[in-house]
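Biologist: Could you take me through this structure slowly, and let me ask at each step what a word rests on?

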Amino acid sequence: MAQTSTPHPRTQLQQTFVLSPITALEFYHAESNSSYLLAGEDTWLRIYDPATSRLVSQLGVFNSRPIHGIHAWKSEDGTPTIEGGILIWGGQSVIVLPPSSVASLIQGTTPSELPTEFQAPDWIYDGILFSSNGETQGALVTTHNEIVTLKLSSEGNLLELGPVVSPSRPILYSANLTFLGDNTILIAGGTVFGEIIVWKFYLDSSRPSQWEVLYVFSGHEGSIFGVTISPEIEVAPGSKVRLLASCSDDRTIRIWDITDRQISITQDGMEIDSKTLGEARETGFGGNSEVKEENRNDSTRCVAVAMGHLSRIWHVKFGEYTPASRGPINVYSFGEDTTRQKWELSLDLTGSEGPKGALKHCTTDSCHNGKNIWSAAVANKEGQASLIATGGADGKIVISGGMSRSGSEVGFEDFDLSLSFDDVLQHIQKNSGAPSMDPLPMGDSKQAFQKYAFMSDTSVVATTSPGRIFVADIQGAPTWREVQLPAEVVADLKSYNVMKTVALDKVVLGSAAGNVYVLQSGKPIQFVEKLPGKIQDILPLVGADLENWQAVVTVLGADNAYILNFNTSTNEASFGDVTLSLKEHYIPTAAAQVGSAILLGSRVGVVTIYSLSRDSQDPAGSLLPRNWSRDPKTKDAITAVVPLPGSSRNFLTTCRDGKYRMYSIWHENRGFDLRHEISPPMGMIEGAWFTTTESPELILHGFKGKQFIYYNATTSAVLASLECGGAHRSFAITSPLTDPNALRLIFTKSSHLRFYSQSSTFLRTIKEGGHGREIRAVACSSSFKYIATAAEDTVIRIWSKSPTGQGFKCLATLEKHSSGIQSLQWKGDNTLVSCGGSEELFIWSITRLESDYETIAVKCEAVWNFHSKDKDLRIMAFEFSNNYLGEYHDEFVIALSNSTIQTYAYGERTHEFEFGSEARYTGACPTQLRYMPNGDILVAYTDGHIAIWTRPFLEPDPEVTYANKAPLEMVLLLKVHQSSIKSLDVVDPEDCHYVIATGGDDNALIITDLRVDDDGKYTVCGRYRVSSAHGAAVTGLKIVRDDTDMIEVVTVSNDQRIKLWRAVPGEDGQGMKISLQDNRYSGIADVGDVEVIESGKVLVGGVGMEVWDFNPFKWL
């Protein structure tokens, strides 16, 4: 490094964005009767409006401690209000936001002064605020079952913490507090070893004892992760019970009766502590032989037990209950499997041993990505469904219930009906006048519904096995009527028929005899034409003129498909002269018109293109196929072909193999290319459509197991999930083109007609999230256009920066890897490479298609397949080189976990790999890999060494090989760390001068100064060590500035600190001096990587992701 006489100004770090796990949630009701959701996101308190999903305001609460809990002061009916402020805690830190500060935040302004932060004596698990003797007070419960009181000023500011009180000090994993009134607090604590302790704390310090143990429950076979005390529940006139819900890593939920017992009174009027509890009596699970005699019957107070979730259960909450109805009590559980499950608790009060009951499972809703619902809040208000919010490790907030859904903006209602054939028949006969058709008999088991079609959003048609047609008009509850048909039409449609909606208020029907009919709203059925054979299917020509609609009609065994045309001016349908020629045994299942091309999808996954030009017809007027294509990995049916909005050459297909694909049509409709292939998390896909909103969204529907799934592929949100029995059944669906959250679905299940309607989605996303597991790799495309992240959930997400400059928009989610992803790298803006366990390396093609649908097209264009015998190695790292191998060929190197590095040539057009050379170090595993600017290969290993490998350059001979097969030779081996090297970066400030920065498991930052001469010999000019750069392993590192006289390095670590280092020449230009420029708390735990995403900004990935602005050029 050259020395400079002008010192550089200090560079500092500033956090500008964070997406972290949602660790605390609480509902809050303001004086205006508006509800707000308070969320703890790292050190930030953020307030959202649940009705609009708007971020109202935010406030940084703690300096370096995430928020773990939020409690809003509650009125006498249990409603959180503004009166007493908000209690916030994290770790041992606690503050109280007074009412004035809360009011400011609700109005969108930041309080002028942040309250004082206090430190509790131990980790805080729960806290409450309450009014006692006319004063607002508070209490905390800590990890050792201790209670600490809080003293507040008249303005609601926290003044001091009271003394610690505890009946015993077992280690808790969960706790809950409830103020009972009369200066009494009820505490429930769940211990590490599966016990639940229920006790009282008395605020009156003059009592002989300020605590009293009520119950010690055992029964769980694992640690208690959640306990919740219910309010008093009126189960009968004059009879109330109080319940406790608990959950554990044994995957069970238990309900306990903790109704207050009769208290013994001494002659002097003092209460007697009839139970005592010593220190933790056992260091394991199972039976407890040391339970005191008075505690032995406590576990008989277990009211109900149920097992749910696929893994550990983190939280359990009580939901809505209406005393007047004496119905079941709703209970909600939240688990590691990211699901929220609803249970109904029914109580039996007739027994002599107290209430007993049963938990009935109702629903399971998948709310988040990856793993873990870390926070949950339930607000109950009489007469309404519970308002439920969940926060996940993915940083997403989901809310449901609580809001009235009397109808959507487009008139959709909420109902769920199951009707037998006789139910519909009885309704028709009851509400119709004198029938002109013979009435159908009741009780005939052979009578069944066959096909369904929505004529409009408010009208659905059902055909039946007797050949009759029923119509339901939906204005509120469905009203059924029968379409009057001639006897010959009834006979024709009997037993077999095909029916599809082709346009608004129009459906087309086909019969076994080959007859085609059109049924329009308010008009008699119209006979169109008889075709030569049994009508196999009717396929609306998606993308054609909406008024003068068209449909493709197929006939069983025919070698042509017929095009049905509708003329608006004459209001008649007819078949034209042009048909579509079909290959032998070709069975069309979907059709669309894209520009001047017609596309057919088939039952075996083949897509065929026809051109509407005259030169594509045979002498008989039949359009001949121009080209066809099929994914060789599938033979499943194409279920939809849909043009991309605003495009005349791009289209989408859905398939029963669970994938949707996008294609681009060639010039003159001569063929098409696959541009996009994705598997959304929904199983078999049955259809797709785009909204007509300003920014179109892609909506899919299909089946996953026994569930019908209605899915927004743009936002990755499940809009509806309904148990229907699975695929292979008659169904029809409709939704407003401008509001995909509203839905109507009709289908057959167990010989019954099931009719479901929703006005809005049952789960609403308040805040979008990201990965649900730890991010292990981050990469930015060469022009900073795209950012790719890969996580332990084996998912790759591709993001673009938000137009506002704050945050990111997820453009694509790639789910092809089967094990942990180790590394990502971009080549330009259009190629992404990912590698990981099980010897997986994929090369992805990234393009943006011309359409109004804002997305990117992604397909896996190549798979590395030079696998070992057992296919059990990890590809630890990957790097493209700048070495020239010929036109359309690239060289790259991979590092395998068996200490091997290998080079390959990759053909951009052939998508094939050609082996070059290989070298092996020792038994140490390579962890990092880079191509040096001169073409040599730099590798870091788990034994703390770095090595440089080289080989002579060979001019490629395309007639023989593109790969450089010259053997690799190690030219430098250097010990730089005491143990594994976790992170590495290299720059060349000037020719033949390289600076290598490494971070290790030894918590050290090492900067190595190298020179190389003309003969390729490396000289180590210096190694400069910062021994305790972090308090834990340095897992991410990036050189963010390199000049001839200075480099700057950003490092991140598992100690949750981000640091900026500067290295400059030492005195007299000798050596190197490293100084710490900035040291900040990072909210990202378990950091995996750090990457520059634009000039002056880095993105840190781990459990969440955050952006830091270091802006090294702002002072130039």
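Modeller: Asn-183 sits in the loop between strand 14 (172–181) and strand 15 (184–191), where strands are DSSP runs of E of at least two residues and helices are runs of H or I of at least four, both numbered from the N terminus. This is a predicted model, in which local features need pLDDT of at least 70 and side-chain atom pairs count only at pLDDT 80 or more, while totals for chains, interfaces and linings use all residues. Residues are numbered from 1 along each chain as its sequence is written, and side-chain values use heavy atoms, with hydrogens and water left out.

Biologist: Why is Asn-183 called partly exposed?

Modeller: Buried means under 20% relative accessible area and exposed means over 50%, with partly exposed in between (1.4 Å probe, protein chains only). Asn-183 has a relative accessible area of 21%, and therefore it counts as partly exposed.

Biologist: And what makes Ser-495 exposed?

Modeller: The relative accessible area of Ser-495 is 54%, so this residue is called exposed. Ser-495 lies in the loop between helix 3 (487–493) and strand 36 (497–503).

Biologist: How do you know that the buried residues of helix 2 line one face?

Modeller: Helix 2 (residues 421–431) has Phe-421, Val-424, Leu-425 and Ile-428 as its buried residues. Seen down the axis of helix 2, they fall within an arc of 100°, and so they line one face of the helix; the arc is that of the directions from the helix axis to the C-beta atoms. In general, an α-helix has 3.6 residues a turn, so residues three or four places apart point the same way.

Biologist: What covers the buried residues of helix 2?

Modeller: The cover, judged by contact (heavy atoms within 4.5 Å), includes strand 31 (415–419), strand 32 (449–456), strand 33 (459–464), strand 34 (469–475) and strand 35 (477–482).

Biologist: What makes the radius of gyration of the protein chain agree with that of a compact globule?

Modeller: The radius of gyration is taken over C-alpha atoms, and the globule rule is 2.2 Å times the number of residues to the power 0.38. For 1116 residues a compact globule would come near 32 Å, and the protein chain has 34 Å, which agrees. Of the 1116 residues, 57% count as buried, and the secondary structure of the chain comes to three helices and 86 strands.
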